Amino acid sequence: MIVNKLKVLGEVQIVGHSPMDFDSYASVILMSHLCQYLGVKANMVFLDNENININSIINEFGLMKVAVSDYNRDMKTILVDHNDKVNSVKDIPDENIVLIINHKGKESVENEINVNYTSCASYILEELDKRRELLSVEILLAFLSSVCDTLNGRVTGYEDDRSLH
């Protein structure tokens with residue numbers, strides 16, 4: 001179902017929520033990989049990069065650094081890890097939102113897919129895995145997104161922990 005929605009798009013922006021958590025970060029990257037595999041030009045949008053825990057994980061594993069960018073309200077948009085309107089983008093017209101992926105199952109609106117996974121990134125990883133061999137970094141992203149979402153963004157579960165050491 002998700003692939004049929006994506007295949008018809010020529011270009012899309014993929015937006016995670018703000019403030020960013022690791023699932024939002026990983027989901028944007030993995031969805032861009034899926035779109036690119038399907039021949040859809042994917043623009044990754046990260047609304048912020050202020051989360052110290054996320055940045056420590058990115059640095060520790062040598063993952064892609066977050067470059068904050070603005071979204072284009074007039075572009076076709078996929079919202080990933082969006083389950084709370086408070087943390088979502090505010091002014092993209094409904095007709096430009098072609099897909100919303102939510103793994104918390106709180107709301108149901110048009111074009112929303114509620115998935116029963118530990119993270120949105122895990123769902124997207126499975127969709128990628130159905131189509132091609134996975135890259136180790138993709139598996140790492142989905143794994144870390146599930147762990148971090150379970151721990152509410154904390155690396156080890158301790159409130160004051162700011163590193164993996």
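User: Why are Lys41 and Glu11 said to form a salt bridge?

Analyst: A salt bridge is a side-chain nitrogen of Lys or Arg within 4 Å of a carboxyl oxygen of Asp or Glu. In this predicted model, the closest N and O atoms of Lys41 and Glu11 are 3.7 Å apart, so the pair meets the definition. Lys41 lies in strand 2 (residues 41-45) and Glu11 in strand 1, so the pair ties together parts that are 30 residues apart in sequence. Strands (E, at least two residues) and helices (H or I, at least four) are DSSP runs, numbered from the N terminus.

User: What makes Glu138 count as buried or exposed?

Analyst: Buried means under 20% relative accessible area, exposed over 50%, and partly exposed in between (1.4 Å probe, protein chains only). Glu138 has 0% relative accessibility and therefore counts as buried. The closest N and O atoms of Arg132 and Glu138 are 2.5 Å apart.

User: Why is Lys41 called partly exposed?

Analyst: The relative accessible area of Lys41 is 48%, so Lys41 is partly exposed.

User: How do you know which strand has the highest confidence?

Analyst: Confidence is given as pLDDT, the predictor's confidence in each residue, from 0 to 100. It is highest in strand 1 (residues 11-15), at 94, and lowest in strand 5 (residues 112-114), at a mean of 68.

User: What limits apply to these values?

Analyst: Local features need pLDDT of at least 70, side-chain atom pairs count only at pLDDT 80 or more, and totals for chains, interfaces and linings use all residues. Residues are numbered from 1 along each chain as its sequence is written, and side-chain values use heavy atoms, leaving out hydrogens and water.
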